[in-house]
Amino acid sequence: MLQRPGETQAWNPRRRGPNQQRHDDDNEEPPPSPNFFGPARYYCVETICAPCGVVIAWTKFARSESPTNILEFLEKVYKTEASRPDYICIDKGCKVLQTAVSNGSWDRIWKHTTRIIVDTFHYIQHRVTDYLCRTYCNPSPGNGLAPNLVIIEYDNNGRPHAKRAFNTQVCEQLNAWLGGFQSILKRMKPGNFNWFLHAMLFYHTKHVITQQKRKEKAKAKAQRQNRDDEDEDLGLDQENNFSDEENNLNDLD
């Protein structure tokens, strides 16, 4: 099997790519394996990231990425009302919202603090006839109901245009980066897996924070340079004007 990784045996589970469950499929728990010829594997790693790329939390889902598991994970991370974000962006946000309303956690926990939306990439793949998704989970509504998600920006000609205020693909970008370590992680024991993944996510977060500080310093330096240039130009103009006025006064005397 190591020499021919694409080969599968009759006792191996039939999988559809790395994840056998699509993001908008019905989330039923998979049936237990009829045999134990292969080692048990976790279904996926779930991460929570800020729009800037900082990793807030992560966990492992054993059997499926169901809305129930996602809601339980969010409740463990955001235990108090003050800590809950204004928006939570999930690839299957409409399914999570539907489940939250059904099990009562929406009225009990999220209704007064948080709105659940779908990221931009998966939103365009959801069904147009999905009224709940199109009405309540739109990541960039154009009707002005979510002014924090859509901002107005001006081009070089001064013409306004709408722009998304946040990067909703940050978790997908993180997953693409973590995919480079898949061949290493899938052969590790649980203890080594947890340590290695946590260390890499910590390194990634430190790198993101360092990049943000560099951008802030560069922006502040550019602003100071612009102010210095303006002050220098103003001082030269004033000096020339004062000299001309002194000459005029001397002529009058």
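Trainee: Which residue does E153 form a salt bridge with?
Mentor: E153 pairs with K163, and the closest N and O atoms are 3.1 Å apart. A salt bridge here is a side-chain nitrogen of Lys or Arg within 4 Å of a carboxyl oxygen of Asp or Glu.

Trainee: Where do E153 and K163 lie?
Mentor: E153 is in strand β5 (residues 150-154) and K163 is in strand β6 (residues 160-164), so the pair ties together parts that are 10 residues apart in sequence. Strands (E, at least two residues) and helices (H or I, at least four) are DSSP runs, numbered from the N terminus.

Trainee: What kind of coordinates are these?
Mentor: This is a predicted model, where local features need pLDDT of at least 70, side-chain atom pairs count only at pLDDT 80 or more, and totals for chains, interfaces and linings use all residues. Residues are numbered from 1 along each chain as its sequence is written, and side-chain values use heavy atoms, leaving out hydrogens and water.

Trainee: Back to that pair. How accessible is E153?
Mentor: E153 is partly exposed, at 32% relative accessibility. K163 is partly exposed too, at 37%. Buried means under 20% relative accessible area, exposed means over 50%, and partly exposed is in between (1.4 Å probe, protein chains only).

Trainee: How many salt bridges does the structure hold?
Mentor: There are 3. One joins D155 and R159, at 3.3 Å from N to O. D155 is partly exposed, at 28% relative accessibility. Another joins D107 and K111, with the closest N and O atoms 3.9 Å apart. K111 has a relative accessible area of 38%, so it counts as partly exposed.

Trainee: Switching to rings. What makes an aromatic pair?
Mentor: Rings of Phe, Tyr and Trp (its six-membered ring) pair if their centres lie within 6.5 Å. Planes under 30 degrees apart are stacked, over 60 edge-to-face, and the rest tilted. By this rule the count comes to 3 aromatic pairs. One of them is F61 with F73, edge-to-face, at 6.3 Å centre to centre and 90° between the planes.

Trainee: Which elements hold F61 and F73?
Mentor: F61 belongs to strand β2 (residues 55-61) and F73 to helix α1 (residues 67-77), so the pair ties together parts that are 12 residues apart in sequence. Both F61 and F73 are buried.

Trainee: And how are the rings of W177 and F181 arranged?
Mentor: Their centres are 5.3 Å apart and their planes sit at 75°, so the W177 and F181 pair is edge-to-face. W177 is partly exposed at 29% relative accessible area, while F181 is buried at 18%. W177, F181 and F196 form one aromatic cluster.

Trainee: Which ring does K60 lie over?
Mentor: K60 is over the face of Y42, 4.3 Å from the ring centre. The rule wants NZ of Lys or CZ of Arg within 6 Å of the ring centre and within 35 degrees of the ring normal. R84 lies over the face of W110, at 5.7 Å from the ring centre.

Trainee: Cysteines next. How many disulfides does the structure hold?
Mentor: It holds 0 disulfides, with the cut-off being a pair of cysteine sulfur atoms within 2.5 Å. C49 is in none, and its nearest cysteine sulfur, that of C171, is 3.7 Å away. C49 is buried, with a relative accessible area of 14%. C89 is in no disulfide either; the nearest cysteine sulfur, again that of C171, is 8.1 Å away. C89 is partly exposed, at 32%.

Trainee: Where is T113 found?
Mentor: T113 is in the loop between α3 (105-110) and β4 (115-118). At 16% relative accessibility, T113 is buried.

Trainee: What is T113 in contact with, leaving aside its neighbours within four places in sequence?
Mentor: With E81, R84, P85 and D86. Contact means heavy atoms within 4.5 Å.

Trainee: Last one, the overall picture. How many helices and strands are there?
Mentor: The protein has 8 helices and 6 strands. From the N terminus on, they run β-β-α-β-α-α-β-α-α-β-β-α-α-α. Buried residues make up 28% of the 253 residues. Among contacts between residues at least 6 apart in sequence, 53% join residues at least 24 apart.
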